[in-house]
Amino acid sequence: MNKTTTILAIESSCDETSAGICRDGKILSNRIATQKVHEQYGGVVPELASRAHIQNIVPVVELALQEAGVTLSDIDAVAFTKAPGLIGSLLVGSQFAKSLALALNKPLLAIHHMQAHVLANLIDDPKPAFPFLCLTVSGGHTQIVLCESTSQMKVIGETIDDAAGEAFDKAAKLLGLPYPGGPLIDKYAKEGDPLKFNFAEPRIQGLDFSFSGVKTSILYFLQNAGKSHMYKPELLATEEEKNKFIQDNLADLCASIQHRIVSILMSKLKKAAIETGIRHICIAGGVSANSGLRTALQEAGKKHGWKTYIPDFQYCTDNAGMIAITAYYKYLAGDFDTLSVETTARAEW
Ligand code: KG4
Ligand code: ZN
């Protein structure tokens, strides 16, 4: 009988502590412990994230092993996220994974978080064929990646300011919605008119993105209670008028904001598909859970003859399943890391 390959993967780059098991390219478990502690602060507090990872990591790994029906003695390699992310958070996962690999005397696989978001598209069938394009949209990143193989990827476009998730979350904050507001905008948008309000479209050349103009346009529009998108002191509404305007128009505001963010993403993705001639198109990252983006991708696929791919919801936001699948291909290539491999906050590939 052929030997199977079983990998334990850890993801701890931001505020989710996650562990997953992959056997021969199939994800057997993907457990995620979401840290609720940050909600009251309106964003992730790095110190609290590190402390929560330390509390969560052992139980999450135990749950992942249990769900997959494997024990530590079945593990052939240990994988972890090496970059990018919050350094304190990354170090909890990396030190845990290194200690475990040392104790089990098994190889170590250090994985780049953004590459893993892209390869989340290889978890389930049907899988995209190489080369494919992936629009990776998360709270910290917005990139178009040209993926030639499981190890050869090139960023051909990225944001010059905010990430798409950040744009959603900042807009939500302006609307008075709690953090992270992206999923809430998505929820309220379902009841609203996407064309009711018009927010600024960036004029940026090439395949790069910009979201700061949209953010400013939303800010002024709300401050003026819908009378103008420009900074006009004479139109400034009182706090009460502003809140009433938001309350009366919440669904339309959410739908219009979502429509603009999605249209910015889709127009660059279309441009990338035309320039490269690639027709297998994927999305990945937390914002790929957005229903407006998912629908827009499917519609564009039908219109332009693309084959489109979206990971299952659980593999869109930060998760160890995507680290495990990336580690599996790295394992097959024999591309192991030593215990001295560095963990870094920076995003360089
Ligand atoms: O990939 P991810 O879980 O973490 C990072 O690596 O950043 O992405 C989190 C981001 C947050 O900004 C969150 O608001 C956004 O993804 N997000 C959404 C939705 N679900 C998550 N944004 C819009 N619509 C959604 N349904
Ligand atoms: Zn991520």
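Gly165 has a polar backbone atom 3.3 Å from an oxygen atom of ligand 1, a polar contact being a pair of N or O atoms within 3.5 Å. The model is predicted, and its local features need pLDDT of at least 70, while side-chain atom pairs count only at pLDDT 80 or more. Residues are numbered from 1 along each chain as its sequence is written.

**Ligand 1**

- A backbone N or O atom of Gly139 lies 2.8 Å from an oxygen atom of ligand 1.
- For Gly182, the distance from a backbone N or O atom to an oxygen atom of ligand 1 is 3.4 Å.
- Ligand 1 taken alone exposes 550 Å², of which the protein buries 87%; such areas come from the Shrake-Rupley method with a 1.4 Å probe.

**The zinc ion (ligand 2)**

- His113 (NE2), His117 (NE2) and Asp318 (OD) coordinate the zinc ion at 2.1 to 2.2 Å.
- Donors are N, O and S atoms within 2.8 Å of the metal (3.2 Å for Na, K and Ca), and water is not among the atoms, so sites may look incomplete.
- Along the chain, the donors of the zinc ion follow the spacing H-x3-H-x200-D.
- His113 lies in helix 3 (residues 113–119) and Asp318 in the loop between strand 10 (307–309) and helix 9 (320–332), so the pair ties together parts that are 205 residues apart in sequence.
- Helices (H or I, at least four residues) and strands (E, at least two) are DSSP runs, numbered from the N terminus.
- Both His113 and Asp318 are buried, meaning under 20% relative accessible area (1.4 Å probe, protein chains only).

Terms used:
Chains are lettered from A and ligands numbered from 1 in the order in which they are written. Side-chain values use heavy atoms; hydrogens and water are left out. Buried means under 20% relative accessible area, exposed over 50%, partly exposed in between (1.4 Å probe, protein chains only). A polar contact is a pair of N or O atoms within 3.5 Å; within protein, one must be able to donate a hydrogen and the other to accept it, and residues adjacent in sequence count only if both atoms are side-chain atoms.
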